[in-house]
Amino acid sequence: TYNRSFCLGRAIDSVLAQTFKDWELVVVDDGSTDRTGQLLESYSGRLRSIRQANRGVCAARNRGIAESSGAWVAFLDSDDVWIPGKLELQIQAALQHSECCVHTTNASLISEDGEESSLFAVNWYGDKGEAIEKLDRPLRWQIQHGVGRIQCLMARREPLVAAGMFRTDHRLPLFEDQD
């Protein structure tokens with residue numbers, strides 16, 4: 001998070017409300033100058049807060065990965081929320097497809113005027129209710145159709161670290177997760 005105290009509480013609360021309870025929550029404060037520090041203190045004991053100098057979203061994600069200890073890593077930006085069963089559904093999928101190292105979900109996109117659409121439908125993944133069980137060539141598919149949202153992603157920690165995590169040697173203002 002970076003200067004998002006106005007919405008960070010909702011994101012944290014959505015993790016605390018998960019039906020799957022065996023998780024750790026690591027929040028990296030990337031040099032915020034607003035009330036983010038005070039907000040994180042109010043969650044003391046329910047999450048691990050790490051403060052670092054402002055180095056950008058990729059460096060913050062990498063720090064969170066490095067500080068985590070779980071076999072799986074799921075991402076949530078400070079202005080987004082998860083529905084209560086998100087982690088439970090993804091863990092169930094991981095157990096059913098043990099050869100996979102990345103799982104993603106659909107998401108609801110809500111515009112400023114309150115109009116809702118499906119991430120999968122917007123990105124040509126399929127209709128709102130359609131499930132994509134397994135992709136044999138996921139990289140090719142992602143290049144053709146565009147990557148999903150980082151807050152929908154759950155990845156095995158070891159391959160993520162082995163792949164070099166997120167690149168921090170560039171200045172992309174948006175879509176750094178796709179890079």
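Glu24, Arg48, Arg63 and Glu67 are linked in a network of salt bridges, a salt bridge being a side-chain nitrogen of Lys or Arg within 4 Å of a carboxyl oxygen of Asp or Glu. This is a predicted model, in which local features need pLDDT of at least 70 and side-chain atom pairs count only at pLDDT 80 or more, while totals for chains, interfaces and linings use all residues. Residues are numbered from 1 along each chain as its sequence is written, and side-chain values use heavy atoms, with hydrogens and water left out.

**Salt bridges**

By the rule above, the count comes to six salt bridges. Side chains of opposite charge can pair when their charged atoms come close.

| Asp29 | Arg51 | 3.0 Å |

Helices (H or I, at least four residues) and strands (E, at least two) are DSSP runs, numbered from the N terminus. Asp29 counts as buried at 3% relative accessibility, whereas Arg51 is exposed at 52%. Here buried means under 20% relative accessible area, exposed means over 50%, and partly exposed lies in between (1.4 Å probe, protein chains only).

Arg61 is buried, with a relative accessible area of 9%, and Asp77 counts as partly exposed at 21%.

**Strands**

E1 and E2 pair in the parallel sense over five bridges; two strands pair if DSSP finds at least two bridges between them. Asp30 stands opposite Gln52 in E2. Four of the five residues of E1 are buried, so E1 is largely enclosed by the rest of the structure.

A further set of strands forms an open sheet of three, in the order E3-E7-E4, with antiparallel pairing. Strands E3 (72-74) and E4 (102-103) stand at the edges with a single partner strand each, so one side of each is left without a neighbour in the sheet. E4 is joined to strand E7 (residues 154-156) by two bridges, and the two strands run antiparallel. Val102 has Ala155 in E7 as its bridge partner. Helix H4 (residues 86-96) lies across E3, E4 and E7 and runs at about 145° to E3; axes are lines fitted to C-alpha atoms, for helices over the stretch in contact, and angles run from 0 to 180 degrees between N-to-C directions.

Helix H1 (residues 5-16) has 12 residues, which should span 16 Å at 1.5 Å a residue, and the 17 Å between its end C-alpha atoms agrees. The expected span is 1.5 Å times one less than the number of residues. The buried residues of H1 are Cys7, Leu8, Gly9, Ala11, Ile12, Ser14 and Val15. Helix H2 (36-41) is included in what covers them.

The largest nonpolar core has 10 residues: Leu8, Ile12, Val15, Leu25, Val27, Leu40, Tyr43, Leu47, Trp82 and Leu87. H1 gives the largest share of this core, three residues. A nonpolar core is a set of buried Ala, Val, Leu, Ile, Met, Phe, Trp, Tyr and Cys residues joined through side-chain atoms within 4.5 Å. Leaving aside neighbours within four places in sequence, Ile12 is in contact (heavy atoms within 4.5 Å) with Leu25, Leu40, Tyr43 and Leu47. A second, separate core has eight residues, among them Ile65, Phe75, Ile150 and Leu160.

**The chain as a whole**

The protein chain has seven helices and seven strands. From the N terminus on, its elements run α-β-α-β-α-β-α-β-β-β-α-α-β-α. Of its 179 residues, 35% count as buried. Among contacts in the protein chain with a separation of 6 or more, 63% are between residues 24 or more positions apart.
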